[in-house]
Amino acid sequence: MLTFAAGPSKVYESVPKYLQDAYSEGILSANHRSDQFMRLYQEAESLMKEKLHMPDDYKLLFTSSATENWEIISQSIVESASFHIYSGSFGAKWIKFAQHINPKSAGQKIAANEEIDVPELSIPEDYDLIAITQNETSNASQVPMAKLEEIRDKFPEKLIAVDTTSSMAGIELKFELADFWYASVQKCFGLPAGLGLLILSPSAIEKAESKGESGRYNSLSFMLENARGYQTHYTPNVLGIYLLNRVLKDMPEIQHFDQALRERMKKLEDCIIGTKSLRLLVDNATTRSTTVLGVAGLEETIKKVKSAALDQGFQLGSGYGPLKPTSFRIANFPAITDQEMDGLMDFLVAY
Ligand SMILES: *Cc1c(COP(=O)(O)O)cnc(C)c1O
């Protein structure tokens, strides 16, 4: 069975070998205060710079998941409240966690087809952080880097946090445009779940230190204190970090993935547009995701396509939340080969 689910998603075919290597190299029992682990952490950080173009003065932290990162940002960074701009279920979950910690946090919900109207955007002064779900996996929409740049230019005094859980390691991110970037590895990184990444700008680090929130196991100040010596605040997913390094080493620089995924997504979109009974979930090409395609249709069509796909050995990603009965999703992640995507398009073209 080949999965096109948008997470957990297909892992790179090299993963079984790397799992075996991890065992042979003694990684599975490595102590997280050992030189071996510290080198692994340091290497992960430099690979993120080399392959994903994370800036030199940004810091990589390891967490358990993207969900944990929502909470860390609210507890350790936000002073008064965060302001969320979101269109789908993941953005909605983020604001809910944020409000639990900082009840004044608020947001603006937009449609998946709608572009953020930055000139019209007004965010009161006491909202000190802007939260954006760059790639909204649930409805297959995205916020382009150009839009983030507009937001950055208009609100230079606010910190910006960006959820790139299903786009980091797939598209090229302009890290200078925000202070917090996070992901988990079971999406574009093509790895098994269980590891979250949190990337901080120098201003983000400064804010964590000036707020000084401490005492929780995942207080940012505590995490940063450990990270300075390339250690972690708890025994981390060492295997996950090892696999991350192996996969990053294999990767070309991110602009090549970015280009390839954009071209492949265009073909996939054209395939859906050419079908009789299926259509794109997001009409606006500017807000349509590069890494996840949403396909919409009548409930009975969607059901039929999903079940016929299974017979062919293709698992399509179900629609998310309220979109479940009338849509499915296709991950356009780097671990999926062009040949596999061609196979899927050959199947879909008949509908
Ligand atoms: C998958 C996903 C999450 C949640 O990731 P976890 O690793 O399960 O915490 C959050 N945000 C977005 C946009 C996602 O796609």
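Me: The UniProt annotation from an unreviewed entry reads "domain: Aminotransferase class V"; which residues does that annotation cover?

Reply: According to that record, the annotation covers residues 8-285. In this model, which is predicted, the span is 41% helix and 15% strand, and its end C-alpha atoms lie 26 Å apart.

Me: Which strands pair with β10, and in what sense?

Reply: Strand β2, residues 59-63, pairs with β10 in the antiparallel sense over five bridges, and within this pairing L61 has L198 as its bridge partner. Strand β9, residues 180-184, also pairs with β10 in the antiparallel sense over five bridges, where the bridge partner of F180 is L200.

Me: Which residues touch the most other members of the largest nonpolar core?

Reply: In soluble globular proteins, nonpolar side chains tend to be buried together. Here the largest nonpolar core has 116 residues, of which M168, F180, W181, F189 and I330 touch the most other members. Because domain 1 (2-8 + 253-348) and domain 2 (15-250) both give residues to this core, it lies between them.

Me: What is I330 in contact with, leaving aside its neighbours within four places in sequence?

Reply: With those neighbours left aside, I330 is in contact with F4, L268, T291, V292, L293, V295, L316, M341, L344 and L348.

Key:
Residues numbered from 1 in each chain as written. Predicted model: local features only at pLDDT ≥ 70, side-chain atom pairs only at ≥ 80, totals over all residues. Heavy atoms only, no water. Core = buried A, V, L, I, M, F, W, Y, C linked by side-chain atoms within 4.5 Å. Buried < 20%, exposed > 50% of the residue type's maximum accessible area, 1.4 Å probe, protein only. Domains from an automatic or database assignment. Contact = heavy atoms within 4.5 Å. Pairing = 2+ DSSP bridges. Helix = DSSP H or I, 4+ residues; strand = E, 2+ residues; numbered from the N terminus. UniProt positions renumbered as here; feature names shortened; annotations may be inferred.
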